[in-house]
Amino acid sequence: MNAAPFQELIGEVMATADRFGHRQHIQLTWLATRRYGTAAAVDLVSDGIQRTARYAGAPQKYNATVSRAWVELVGHHTANDDTSDTTHTSDNTGDFDAFAARHPALFDKRLLTRFYRPATLASTEARTGWVEPDLAPFPWR
């Protein structure tokens, strides 16, 4: 996949941030799902994170299931958000802040443990490909 859209999203997120933490991951994913739809955002975000991990010399940090699960969670909330606007605006930060206030659970780094056992997420299968939740299904399934 072309790296340019991912780099544009990173640039937009980092224009107002000091570091790239969990909130910035969620913001990047929110932008991607709004602009490209959840299915395309899965590939865009996952490929971008995997490339970034390799570039940083830490390819082992990439987890395919974790990346896809977060994109699907954010995409689900974005699609069901009454004020969601899929157009590109110059003030996405304000829109994102409102989205964040409406969906605080997305900012809990442990959210995936509602759906997955830690051992499942740590498995080779989860790191290299998609593994379905083993504790509870996602709300849209």
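Here is what to select, stop by stop.

Before we start: this is a predicted model, where local features need pLDDT of at least 70, side-chain atom pairs count only at pLDDT 80 or more, and totals for chains, interfaces and linings use all residues. Residues are numbered from 1 along each chain as its sequence is written, and side-chain values use heavy atoms, with hydrogens and water left out.

**Stop 1.** There are eight aromatic pairs to find here. Rings of Phe, Tyr and Trp (its six-membered ring) pair if their centres lie within 6.5 Å; planes under 30 degrees apart are stacked, over 60 edge-to-face, and the rest tilted. Select Trp30 and Phe99: this pair is tilted, with 5.9 Å centre to centre and 35 degrees between the planes. Trp30 is in helix 2 (residues 22–36) and Phe99 in helix 5 (residues 92–102), so the pair ties together parts 69 residues apart in sequence. Helices are DSSP runs of H or I, at least four residues, numbered from the N terminus.

(Buried means under 20% relative accessible area, exposed over 50%, partly exposed in between, using a 1.4 Å probe and protein chains only.)

**Stop 2.** Now pick Phe96 and Phe107, an edge-to-face pair at 6.0 Å centre to centre and 70 degrees between the planes. Phe96 sits in helix 5, while Phe107 is in the loop between helix 5 and helix 6 (118–122). Phe96 is buried at 1%; Phe107 is partly exposed at 23%.

**Stop 3.** Finally, select Phe115, Tyr116, Trp130, Phe138 and Trp140, which form one aromatic cluster.

Terms used:
Helix = DSSP H or I, 4+ residues; strand = E, 2+ residues; numbered from the N terminus.
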